[in-house]
Each structure stands twice: as C-alpha cells, then as structure tokens.
Amino acid sequence: MSHPFSMAAIRAGCIGLWLMSNSTCGAGAPLEPPVWDTEGPMVWEQSADELIARGSTTDPGYLVSRELYGSLRLRLEVWIEPETNSGVFVGCTPGEAISPTACYEINLWDRHPKQEWRTGALVGISPPLNHVDTLGRWNRLEILIEEKRMRVWINDTLTADWMTEAPRTGRLALQFGGAGAVHVRHLTLEQP
C-alpha cells in the first residue's frame, strides 16, 4: 500500500522547503526535492529538521520517490542505531517492490550478519572498498551516478566505485528495518 508522504501532512511544513533550506550542493544544478510515498509497515515522521523511522519490524519499510532519476548526486546525513538495518536505494524499477534486485542498494548496517554486505556495500554487487563504522554519530553519505559509473562515499571515504554497461533510471528509496531508529537530515539532490 502506498501513501503520499509530505511534511505538511505530518506537522512541520513542506518537505521541499526543509530539504532545500539545508542544501549543501556544489557546482551541479540543484534538483527539486522528491515527493515521497511510503511502502511497507513503517511510519516516517519529521522531528525538528529530521526524517525519522523507529520501532521494530521484521519487514522493512521505505520512503520511495515518485520521481525517476538517472545521473544524480545525492547527499544526506544519517544516524543509525545499532540494531537498525538501513540503506539508500537508487535506480529502483517502477512497479517493482523495493529490493536489491530491483534497485541498487547502498547498505547502512554496520552489524550486517554477512560482513561483505555491511555499511558501504552495494548489496549483491560489491563489498565495501573501505571499512567505515557509523554507529553513535551523524554520518555523511554521498552517492554520485554518472553515465555508467556509480561511486559512494561515507564520511568522505570511498566505499563503492562500480562500472556498469546498463545504467538504470529509477526511483530513490530510504529504508528502515530491524529495531531502533534511523534519522535522516540535510538530503539534497543535484544533476552532476
């Protein structure tokens, strides 16, 4: 079931204004912030300047953009609690459930039971190039998709650099699963 997600519908004003007011975009052309739908059991809320999902669930929940994106620079800050399984999905195929096979998943889960898919991995594609611990603090995530190349940095450390023959345009998604909470702030998008 899909429900439109808007900060105005929750409490504290427009998601677009919140996202753009915290913009840290560089030389690229800024893009309009996404309009989000929710998928799955989690309720996402805004508190101060953050998007938050918290609780406990065996099935993950997502915020999913209605818009489709190709080449893109996505930046955000994220705080993940120890038992939380989170991630950012890009290139999600419209009409398919959010998954690592329908999207590219950048994992944010230090305690993943299979450490080759821990924080910074492109799940099912490539383990992280460098080990980055993210628990107990705010972390900067940057995803750069250009033509047939995708790179990911966490706290300025390169964790993924992947070339593909078939770049895909698709939706974005933010994930919450497991227990605890994930906090997201300062999300910006730009055309590289």
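These legends go with a set of close-up views of one predicted model. Residues are counted from 1 along each chain as its sequence is written, and side-chain values use heavy atoms, with hydrogens and water left out. Since this is a predicted model, local features need pLDDT of at least 70 and side-chain atom pairs count only at pLDDT 80 or more, while totals for chains, interfaces and linings use all residues.

Figure 1. Going along the sequence, the pattern reads β-α-α-β-β-β-β-β-β-β-β-β-β-β. Helices (H or I, at least four residues) and strands (E, at least two) are DSSP runs, numbered from the N terminus. The chain has 192 residues, and 50% of them count as buried. Here, buried means under 20% relative accessible area, exposed means over 50%, and partly exposed is in between (1.4 Å probe, protein chains only). Take the contacts (heavy atoms within 4.5 Å) between residues at least 6 apart in sequence: 67% of these join residues at least 24 apart. The chain's accessible surface comes to about 8700 Å², and 53% of that belongs to carbon and sulfur atoms. Accessible areas come from the Shrake-Rupley method with a 1.4 Å probe; for residues, only the protein chains shown count as cover.

**Figure 2. The one disulfide in the structure.** Which two residues form the disulfide? They are Cys 92 and Cys 103, with sulfur atoms 2.2 Å apart; a disulfide here is a pair of cysteine sulfur atoms within 2.5 Å. The link of Cys 92 and Cys 103 is right-handed, with 120° about the S-S bond. Cys 92 sits in strand β7 (residues 84-92) and Cys 103 in the loop between β7 and β8 (104-108), so the pair ties together parts that are 11 residues apart in sequence. Both Cys 92 and Cys 103 are buried.

**Figure 3. Tyr 62 and Phe 89, one of three aromatic pairs.** Rings of Phe, Tyr and Trp (its six-membered ring) pair if their centres lie within 6.5 Å; planes under 30 degrees apart count as stacked, over 60 as edge-to-face and the rest as tilted. Tyr 62 and Phe 89 are edge-to-face, at 5.6 Å centre to centre with 85° between the planes. Tyr 62 belongs to strand β5 (residues 50-65) and Phe 89 to strand β7, so this pair ties together parts that are 27 residues apart in sequence. Tyr 62 and Phe 89 are buried.

**Figure 4. Tyr 104 and Trp 162, another edge-to-face pair.** The ring centres of Tyr 104 and Trp 162 are 5.4 Å apart, with 65° between the planes. Because Tyr 104 lies in strand β8 and Trp 162 in strand β11 (residues 157-163), the pair ties together parts that are 58 residues apart in sequence. Arg 168 lies over the face of Tyr 104, 4.2 Å from the ring centre. For a charge to sit over a ring, NZ of Lys or CZ of Arg must be within 6 Å of the ring centre and within 35 degrees of the ring normal.

**Figure 5. Arg 185 over the face of Trp 138.** Here Arg 185 is 3.9 Å from the ring centre of Trp 138.

**Figure 6. Two buried polar residues, Asp 37 and Asn 107.** Asp 37 is in strand β3 (residues 36-39) and has 14% relative accessibility. Its side chain makes a polar contact with the side chain of Arg 66 (3.0 Å). A polar contact is a pair of N or O atoms within 3.5 Å; within protein, one must be able to donate a hydrogen and the other to accept it, and residues adjacent in sequence count only if both atoms are side-chain atoms. Asn 107 is in strand β8, with 2% relative accessibility. The side chain of Asn 107 reaches the backbone oxygen of Trp 117 at 2.6 Å. Leaving aside neighbours within four places in sequence, Asn 107 is in contact with residues including Asn 85, His 112 and Val 123.

**Figure 7. Positive phi at Asp 156 and His 186.** Most residues other than glycine have a negative phi. Phi of Asp 156 is near 70°; this residue lies in the loop between β10 (149-154) and β11 and is exposed, at 62% relative accessible area. Phi of His 186 is near 55°. His 186 is part of strand β12 (residues 171-191) and counts as partly exposed, at 23% relative accessibility.
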